[in-house]
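Reader: Please take me through the model shown below, one point at a time, and give the cut-off behind each term as it comes up.

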Amino acid sequence: MENFVMYNPVKLHFGDGVTDKIGKITQGYGTRVLLITGKGSARASGAYDQVTSRLRNAGLEIFEYSGIKSNPIIEDVDKAAALGKEKQADVIVALGGGSVIDSAKIIALAMKYEGPAWDFMEEKHKPTDATPLIAVLTLAATGTEMNPYAVVQNNCQQKKIGYGHKLCYPQHSFLDPSFTLSVPRNYTAYGIVDLIAHSLEAWFGEGEASLSDRFTSGIIREAMKYGPQLLDDLENYDLRARIMYAATCALNGMTSYGRKSADWGVHAIGHCLSVVYDVPHGASLSIAYPAWLKLQKDRIPKRIQELGSALFEISTPDDIIHKMEYLFKGLGSPVSLHEVGIDVSNAEVREKLLSVMRKNKVSGIAHKLSEEDHEKLLKLMA
Ligand code: NZQ
Ligand code: ZN
């Protein structure tokens, strides 16, 4: 086992009606709120009215930046930070899924900086201060509610980058599973894939940590059991709650303590599909994971066998990979590029993807990927 520091300052409020307290808690950070929202789902579901009325009832003034897109872009981060500065906001409330909360994390840094927000993503500027951030999650998937990471795209540069800094932890995160009842079937499935993928990235990380392995396989088993049930019963609060908690645990640190690192190679592949073709994050992972496992099957057979034993009580790598593929398919998430309309038999498409993979330096931390591997992966994902 490796040495580690366990640190997570997020105060997480979980359960039905938890946003009752959001007004009083936000008051603790000032009176002027920069509210960040997505394209409209929060207004449609009623979450927006609930949250804004509680903020207003607490005497808070709200300035809103709406329209953050799924697979968020840096232009929105810069514009929202400019609004936050202009209105002298004391605190940010992010109401939405991972894209909204990730954007808000970088907005929080950019409000204390005169340069472009992309400087943080490329680590050209080290943050020293951030506007306090309160997250209200409406989609179970990324774990951003309880971690210091943000993933943002720069379409001009064709890059999608993950960034982490301790100043990016939300001060408070509100997780009311009833806010996720309106998530449509496809994004519910992508969220389940994402939490499984985060667990797998930890599983295939560097270093041996048996208790973290048990947490990790336990989270995947939870998703395997309750994910399909939820997809058949989207308005079931209890199933929404189980999946929401599993998604938080899949990327709040607990699957990685005692390991040197997780791997993140599959996420790096998925980000390229998102930056070029705007593939939803979870869908990109259900396409990339089976291909990555096929590529790695003769390189790390023992680790794949251990996964098979922990999840399916089988130990033949081919059967295990088949099971994983079947699991993603059963959730209704795509497992090939073809299913999302990407034809890599077309040379132009193939070259485009390969060049973006090179530009984004697609590789894993534990399991490096060469340019030759990129080509193999495209064939395996076809
Ligand atoms: O934009 P709106 O109208 O809000 O609609 C969203 C969007 O269309 C909709 N949605 C959200 N909550 C809803 C809802 N629809 C109905 N009812 C609700 N309650 O769902 C769509 C997807 O939203 P998005 O926020 O993009 O999804 P997700 O939470 O999966 O976030 C994906 C982003 O997070 C990044 C991904 O790369 C991607 O950019 N990730 C962030 C991580 C982190 N910070 O730790 C780790 C992850 O691996 C991931 O990379
Ligand atoms: Zn992810």
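Reader: With 18% relative accessibility, is Arg303 buried or exposed?
Author: In this predicted model, local features need pLDDT of at least 70 and side-chain atom pairs pLDDT 80 or more, while totals for chains, interfaces and linings use all residues. Residues are numbered from 1 along each chain as written, chains are lettered from A and ligands numbered from 1 in the order written, and side-chain values use heavy atoms, without hydrogens or water. Because buried means under 20% relative accessible area, exposed over 50% and partly exposed in between (1.4 Å probe, protein chains only), the 18% of Arg303 makes this residue buried.

Reader: How many residues apart in sequence are the parts tied together by the pair of Asp373 and Arg299?
Author: The side chains of Asp373 and Arg299 meet in a salt bridge at 2.8 Å, N to O. Asp373 sits in helix α15 (residues 371-381), whereas Arg299 is in the loop between α11 (281-296) and α12 (301-312), so the separation of the parts they tie together is 74 residues.

Reader: What is the distance between the closest N and O atoms of Glu122 and Lys159, and how many salt bridges does the structure hold?
Author: Glu122 and Lys159 form a salt bridge whose closest N and O atoms are 2.9 Å apart. This pair links distant parts of the chain, 37 residues apart, with Glu122 in the loop between α6 (118-121) and β5 (133-137) and Lys159 in strand β7 (residues 159-164). Glu122 is partly exposed, at 24% relative accessibility. For the structure, the number of salt bridges is 18.

Reader: Turning to the ligand, which residues around ligand 1 come nearest?
Author: A residue counts as near if one of its heavy atoms lies within 4 Å. The shell takes at least two residues from each of α5 (98-110), β6 (149-154), α7 (185-203) and α10 (265-277). Among the 32 residues around ligand 1, those that come nearest are Ser41, Ser70, Gly98, Ser99 and His198.

Reader: What share of the area of ligand 1 does the protein bury?
Author: Polar contacts are N or O pairs within 3.5 Å, and an oxygen atom of ligand 1 lies 2.9 Å from a polar backbone atom of Gly40, while a polar side-chain atom of Asn147 is 3.0 Å from an oxygen atom of ligand 1. A nitrogen atom of ligand 1 is 3.4 Å from a polar backbone atom of Val183. Taken alone, ligand 1 exposes 960 Å² (Shrake-Rupley method, 1.4 Å probe), and the share that the protein buries is 90%.

Reader: How far apart in space are Glu348 and Gly17, C-alpha to C-alpha?
Author: Glu348 belongs to helix α14 (residues 347-359) and is exposed, at a relative accessible area of 68%. Glu348 and Gly17 are 331 residues apart in sequence, and their C-alpha separation in space is 51 Å.

Definitions and conventions. Polar contact = N/O pair within 3.5 Å; in protein donor to acceptor, adjacent residues only side chain to side chain. Helix = DSSP H or I, 4+ residues; strand = E, 2+ residues; numbered from the N terminus. Salt bridge = Lys/Arg side-chain N within 4 Å of Asp/Glu carboxyl O.
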